[in-house]
Amino acid sequence: APETADPIADPLSILTAPDGGTPRDAVNCTNNSVLTIAPGLYAKIRASGNCQLTLESGIYVIAGGGLQVSGNASITGNNVLLYNAGSFFPSPGGTFGSIQLGGTGTFILSPLTTGAYNGVLIFQARDNTKPLSLSGNATGITGTIYAPAAQLTLSGNGELKSSIVVDTLRLTGSAASRLTAGDDDSSETD
(Lines give C-alpha, C1' and ligand atoms only; values in the text may rest on other atoms or scores of the structure.)
Protein backbone atom coordinates (compact mmCIF):
# COMPACT_ATOMS: atom_id res chain seq x y z
CA ALA A 1 0.00 0.00 0.00
CA PRO A 2 1.23 3.52 -0.70
CA GLU A 3 2.67 5.37 2.23
CA THR A 4 1.15 8.69 3.20
CA ALA A 5 2.30 11.45 5.49
CA ASP A 6 0.26 13.84 7.52
CA PRO A 7 0.22 17.37 6.07
CA ILE A 8 2.31 20.01 7.80
CA ALA A 9 1.88 23.77 7.93
CA ASP A 10 3.12 25.64 4.85
CA PRO A 11 6.66 26.80 5.73
CA LEU A 12 6.67 29.37 2.90
CA SER A 13 3.24 30.88 3.47
CA ILE A 14 4.72 34.37 3.87
CA LEU A 15 6.29 34.29 0.38
CA THR A 16 4.57 36.80 -1.91
CA ALA A 17 4.28 36.63 -5.69
CA PRO A 18 7.07 38.38 -7.60
CA ASP A 19 6.53 41.37 -9.86
CA GLY A 20 6.08 40.46 -13.50
CA GLY A 21 9.07 42.31 -14.85
CA THR A 22 9.46 43.20 -18.53
CA PRO A 23 6.73 41.72 -20.79
CA ARG A 24 8.28 39.28 -23.29
CA ASP A 25 7.06 37.25 -26.27
CA ALA A 26 6.07 33.63 -25.68
CA VAL A 27 8.98 31.23 -26.26
CA ASN A 28 8.71 28.18 -28.52
CA CYS A 29 12.25 26.90 -29.11
CA THR A 30 12.33 23.95 -31.54
CA ASN A 31 14.57 21.92 -33.84
CA ASN A 32 18.30 22.65 -33.43
CA SER A 33 17.83 26.20 -32.12
CA VAL A 34 20.10 27.73 -29.52
CA LEU A 35 18.27 30.45 -27.61
CA THR A 36 19.06 32.62 -24.59
CA ILE A 37 16.19 34.47 -22.90
CA ALA A 38 16.09 37.26 -20.32
CA PRO A 39 14.03 37.49 -17.12
CA GLY A 40 10.53 38.89 -17.44
CA LEU A 41 6.87 38.06 -17.98
CA TYR A 42 6.12 35.27 -20.49
CA ALA A 43 2.81 33.73 -21.55
CA LYS A 44 4.58 30.37 -21.98
CA ILE A 45 8.02 28.83 -22.39
CA ARG A 46 8.46 25.70 -24.54
CA ALA A 47 11.57 23.84 -25.67
CA SER A 48 11.45 20.73 -27.87
CA GLY A 49 13.44 18.91 -30.52
CA ASN A 50 17.14 19.59 -29.97
CA CYS A 51 16.64 23.13 -28.65
CA GLN A 52 19.26 24.44 -26.22
CA LEU A 53 17.48 27.01 -24.05
CA THR A 54 19.43 29.17 -21.61
CA LEU A 55 17.79 31.38 -18.98
CA GLU A 56 19.78 34.42 -17.88
CA SER A 57 19.85 35.00 -14.11
CA GLY A 58 16.68 36.50 -12.66
CA ILE A 59 12.94 36.04 -12.18
CA TYR A 60 10.75 34.44 -14.85
CA VAL A 61 6.98 34.83 -14.47
CA ILE A 62 5.02 32.46 -16.69
CA ALA A 63 1.40 33.62 -16.94
CA GLY A 64 -1.00 30.94 -18.07
CA GLY A 65 1.00 28.77 -20.48
CA GLY A 66 3.44 26.94 -18.25
CA LEU A 67 6.91 25.59 -18.95
CA GLN A 68 7.42 22.45 -21.06
CA VAL A 69 10.71 20.85 -22.08
CA SER A 70 10.56 17.67 -24.18
CA GLY A 71 12.40 15.60 -26.77
CA ASN A 72 16.15 16.11 -26.66
CA ALA A 73 15.78 19.77 -25.63
CA SER A 74 17.98 21.09 -22.84
CA ILE A 75 17.42 23.92 -20.38
CA THR A 76 20.06 25.74 -18.36
CA GLY A 77 19.53 28.52 -15.86
CA ASN A 78 21.66 29.49 -12.89
CA ASN A 79 20.39 31.89 -10.22
CA VAL A 80 16.77 31.83 -11.47
CA LEU A 81 13.23 31.76 -10.09
CA LEU A 82 10.39 30.30 -12.17
CA TYR A 83 7.00 31.64 -11.01
CA ASN A 84 4.13 29.71 -12.63
CA ALA A 85 0.98 31.87 -12.45
CA GLY A 86 -2.41 32.09 -14.12
CA SER A 87 -3.22 34.09 -17.24
CA PHE A 88 -4.77 36.90 -15.15
CA PHE A 89 -1.39 37.64 -13.49
CA PRO A 90 -0.84 39.77 -11.41
CA SER A 91 -4.43 39.03 -10.31
CA PRO A 92 -5.31 35.47 -9.30
CA GLY A 93 -7.10 33.09 -11.66
CA GLY A 94 -7.41 32.66 -15.39
CA THR A 95 -6.08 29.66 -17.24
CA PHE A 96 -3.09 27.77 -15.90
CA GLY A 97 -0.25 25.86 -17.51
CA SER A 98 1.83 23.13 -15.96
CA ILE A 99 5.55 22.65 -15.52
CA GLN A 100 6.73 19.54 -17.38
CA LEU A 101 10.44 18.79 -17.62
CA GLY A 102 10.99 15.55 -19.52
CA GLY A 103 12.71 13.95 -22.45
CA THR A 104 16.34 13.02 -22.93
CA GLY A 105 17.97 16.43 -22.78
CA THR A 106 19.87 17.90 -19.85
CA PHE A 107 18.41 20.10 -17.13
CA ILE A 108 20.69 22.39 -15.17
CA LEU A 109 18.63 24.75 -13.05
CA SER A 110 19.66 26.44 -9.80
CA PRO A 111 17.81 28.95 -7.60
CA LEU A 112 18.36 32.55 -6.69
CA THR A 113 20.98 32.95 -3.97
CA THR A 114 19.90 36.31 -2.53
CA GLY A 115 16.74 38.21 -1.67
CA ALA A 116 13.26 37.08 -0.66
CA TYR A 117 13.35 34.06 -3.00
CA ASN A 118 16.80 32.84 -1.91
CA GLY A 119 16.94 29.09 -2.50
CA VAL A 120 13.60 28.84 -4.34
CA LEU A 121 13.77 27.55 -7.93
CA ILE A 122 10.08 26.98 -8.73
CA PHE A 123 7.22 28.90 -7.10
CA GLN A 124 3.84 27.87 -8.43
CA ALA A 125 0.99 30.26 -7.65
CA ARG A 126 -1.12 29.07 -4.74
CA ASP A 127 -4.23 28.94 -6.96
CA ASN A 128 -2.49 26.85 -9.65
CA THR A 129 -3.37 23.19 -9.13
CA LYS A 130 -1.79 21.96 -12.39
CA PRO A 131 0.61 19.09 -11.68
CA LEU A 132 4.37 19.41 -12.03
CA SER A 133 6.26 16.60 -13.74
CA LEU A 134 9.98 15.86 -13.64
CA SER A 135 10.94 12.85 -15.71
CA GLY A 136 13.51 11.58 -18.17
CA ASN A 137 16.92 12.99 -17.34
CA ALA A 138 15.72 15.71 -14.94
CA THR A 139 18.69 15.29 -12.61
CA GLY A 140 20.49 18.66 -12.51
CA ILE A 141 17.82 20.57 -10.61
CA THR A 142 18.57 22.19 -7.26
CA GLY A 143 16.61 24.57 -5.05
CA THR A 144 13.20 24.46 -3.43
CA ILE A 145 10.15 23.52 -5.46
CA TYR A 146 7.16 25.32 -3.93
CA ALA A 147 3.77 24.31 -5.35
CA PRO A 148 1.47 24.12 -2.33
CA ALA A 149 -1.73 23.33 -4.29
CA ALA A 150 -0.28 20.85 -6.79
CA GLN A 151 1.00 17.33 -7.23
CA LEU A 152 4.65 16.77 -8.12
CA THR A 153 5.38 13.60 -10.10
CA LEU A 154 8.96 12.39 -10.20
CA SER A 155 9.50 9.52 -12.63
CA GLY A 156 12.04 7.78 -14.84
CA ASN A 157 15.54 8.90 -13.91
CA GLY A 158 14.21 12.12 -12.36
CA GLU A 159 16.16 13.13 -9.29
CA LEU A 160 15.66 16.00 -6.89
CA LYS A 161 18.47 17.62 -4.95
CA SER A 162 16.11 20.04 -3.30
CA SER A 163 13.39 20.68 -0.78
CA ILE A 164 9.78 20.40 -1.87
CA VAL A 165 6.55 21.93 -0.61
CA VAL A 166 3.69 20.36 -2.59
CA ASP A 167 0.16 19.13 -2.00
CA THR A 168 1.09 15.56 -2.99
CA LEU A 169 4.21 13.78 -4.21
CA ARG A 170 4.05 10.85 -6.66
CA LEU A 171 7.13 8.72 -7.30
CA THR A 172 7.39 6.15 -10.09
CA GLY A 173 10.16 4.16 -11.75
CA SER A 174 13.66 4.54 -10.31
CA ALA A 175 12.88 8.02 -9.01
CA ALA A 176 11.85 6.70 -5.58
CA SER A 177 15.33 5.32 -4.91
CA ARG A 178 16.85 8.77 -5.30
CA LEU A 179 14.64 10.68 -2.88
CA THR A 180 15.77 11.35 0.68
CA ALA A 181 13.97 13.24 3.37
CA GLY A 182 15.72 15.30 5.99
CA ASP A 183 19.14 14.49 7.43
CA ASP A 184 18.23 11.11 8.91
CA ASP A 185 19.66 8.18 6.96
CA SER A 186 17.74 5.60 8.99
CA SER A 187 14.50 4.06 7.82
CA GLU A 188 11.53 2.58 9.58
CA THR A 189 9.10 -0.12 8.56
CA ASP A 190 5.75 -0.95 10.10
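Phe-123 sits in strand 11, which covers residues 120-124, and this briefing on a predicted model starts from that residue. Because its relative accessibility is 0%, Phe-123 counts as buried, where the cut-off for buried is under 20%.

**Around Phe-123**
- When neighbours within four places in sequence are left aside, the contacts of Phe-123 include Leu-15, Thr-16 and Ala-17, the run Leu-81, Leu-82, Tyr-83 and Asn-84, and also Tyr-117 and Tyr-146.
- Val-165 lies 42 residues from Phe-123 in sequence, while the C-alpha atoms of Phe-123 and Val-165 are 9.6 Å apart in space.

**Nonpolar cores**
- The largest nonpolar core has 32 residues, and those touching the most other members are Ile-45, Leu-53, Leu-55, Leu-67 and Leu-101.
- Strand 14 (residues 144-154) gives this core its largest share, which is five residues.
- Not counting residues up to four places away in sequence, Leu-67 touches Ile-45, Ile-62, Ile-75 and Leu-82, together with Ser-98, Ile-99, Gln-100 and Leu-101.

**Confidence of the prediction**
- Across the chain the average pLDDT is 85, and 83% of the residues score at least 70.
- Confidence is highest in strand 3 (residues 40-42), at a mean of 98, and lowest in strand 15 (residues 160-161), at 67.
- Over residues 176-190 the pLDDT stays under 50, and for these residues the model has seven contacts beyond four places in sequence.

Terms used
Residues are numbered from 1 along each chain as its sequence is written. This is a predicted model: local features need pLDDT of at least 70, side-chain atom pairs count only at pLDDT 80 or more; totals for chains, interfaces and linings use all residues. Side-chain values use heavy atoms; hydrogens and water are left out. Helices (H or I, at least four residues) and strands (E, at least two) are DSSP runs, numbered from the N terminus. Buried means under 20% relative accessible area, exposed over 50%, partly exposed in between (1.4 Å probe, protein chains only). Contact means heavy atoms within 4.5 Å. A nonpolar core is a set of buried Ala, Val, Leu, Ile, Met, Phe, Trp, Tyr and Cys residues joined through side-chain atoms within 4.5 Å. pLDDT is the predictor's confidence in each residue, from 0 to 100.
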